[in-house]
Each structure stands twice: as C-alpha cells, then as structure tokens.
Amino acid sequence: MSDWKTICHQDDLIPDTGLCALFDDEQVAIFYCGGNQSLYALSNFDPIGDANVLSRGIVGSIGDEVVVASPLYKQHFNLKTGKCLEAPEHTLKTYPIRVSDGEVQLQVVL
C-alpha cells in the first residue's frame with residue numbers, strides 16, 4: 001500500500017532549478033526539467049562531497065541522460081536512476097514523484 005505526500009505547489013518550481021524538501025526526515029532534491037517537462041526527486045546528499053547540496057546543482061544532460069552536477073566536485077548524477085556517471089559505485093536514492101491538482105507529491109510507501 002502507498003500514499004502520496006504533498007511537498008510543494010507546482011507554482012513553486014522553477015524550470016531547471018532544484019528545490020530541497022524535508023520528506024520523512026530526509027532531505028530530498030526536487031528538479032523540474034523544463035526541456036522535457038519532467039519532475040525528478042532524489043536524495044539531496046552528495047556522498048562524494050559528504051554534504052546535503054545536490055538541490056543547488058546544475059541540471060543538464062550528457063548524451064541521453066538527464067543529470068545534475070554536484071556543486072562541490074561536479075560529479076554528475078542521473079536524475080532518473082541516481083547513479084553517478086563518474087563514480088558508478090555511488091547511487092542516490094530516488095523517489096516516485098507526481099503532480100496532482102497542482103501539488104507536487106512524493107510517494108510514501110507504507
């Protein structure tokens with residue numbers, strides 16, 4: 001069984017910019033990519049830089065992969081899978097995300 005928790009409103013999102021939200025005591029980086037009109041949610045914690053900073057990273061693409069570059073050491077994390085392109089042994093937790101009636105929601109797994 002699962003439920004959805006509202007994190008923010010769709011109007012709070014700025015294309016190609018991250019937003020940090022607290023979700024079940026974890027910092028989650030939310031990204032709205034204007035180019036493909038998609039939402040992504042992954043852990044805000046950069047395991048290489050050892051800090052909660054990914055929501056401040058730069059969104060872009062490498063080949064067909066939509067990524068965020070860490071603001072610390074510039075490693076690229078795939079926004080769909082959470083996998084680090086330069087150091088594949090590091091993978092971030094990803095979260096199911098949706099927009100419902102103008103509200104951005106993350107899935108709560110019960």
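Predicted model: local features only at pLDDT ≥ 70, side-chain atom pairs only at ≥ 80, totals over all residues.
**Entry 1: serine 70**

I started with serine 70, which counts as buried because its relative accessibility is 0%. For this label I use under 20% relative accessible area for buried, over 50% for exposed and partly exposed in between, with a 1.4 Å probe and protein chains only. Residues are numbered from 1 along each chain as its sequence is written, and side-chain values use heavy atoms, with hydrogens and water left out.

I then looked up where serine 70 sits: it is in the loop between β8 (65–69) and β9 (76–78). Strands here are DSSP runs (E, at least two residues), as are helices (H or I, at least four), numbered from the N terminus. The side chain of serine 70 makes a polar contact of 2.4 Å with the side chain of aspartate 46. By polar contact I mean a pair of N or O atoms within 3.5 Å; within protein, one must be able to donate a hydrogen and the other to accept it, and residues adjacent in sequence count only if both atoms are side-chain atoms. Leaving aside residues up to four places away in sequence, I found serine 70 touching Asp46, Val53, Leu54, Gln75 and Phe77, where contact means heavy atoms within 4.5 Å.

**Entry 2: a three-stranded sheet**

Next I traced an open sheet of three strands, ordered β1-β11-β10 with antiparallel pairing. Its edge strands, pairing on one side only, are β1 (2–9) and β10 (97–100). From one strand to the next the twist averages 40°, taken between N-to-C directions of axes fitted to C-alpha atoms, on a scale from 0 to 180 degrees.

I followed β10 into β11 (residues 103–109): the two run antiparallel and share four bridges. Two strands pair if DSSP finds at least two bridges between them. I noted valine 99 bridging to valine 104 in β11, and isoleucine 97 bridging to leucine 106 in that strand.

The hairpin of β10 and β11 has two residues between the strands, and in it aspartate 101 takes a positive phi near 50°. I checked its surface too: aspartate 101 is exposed, at 80% relative accessible area.

**Entry 3: another positive phi**

Most residues other than glycine have a negative phi. Aspartate 16 is in the loop between β1 and β2 (17–23), and at 40% relative accessibility it counts as partly exposed.

Which residue forms a salt bridge with glutamate 26? I found lysine 93, with the closest N and O atoms 3.4 Å apart. The structure holds one salt bridge, defined as a side-chain nitrogen of Lys or Arg within 4 Å of a carboxyl oxygen of Asp or Glu. Lysine 93 is in the loop between β9 and β10 and glutamate 26 in strand β3 (residues 26–33), so the pair ties together parts 67 residues apart in sequence. Lysine 93 is partly exposed at 44%, and glutamate 26 is partly exposed at 31%.

Proline 96 lies in the loop between β9 and β10 and is partly exposed at 38% relative accessibility. Not counting residues up to four places away in sequence, proline 96 touches Trp4, Gln105, Leu106 and Gln107.
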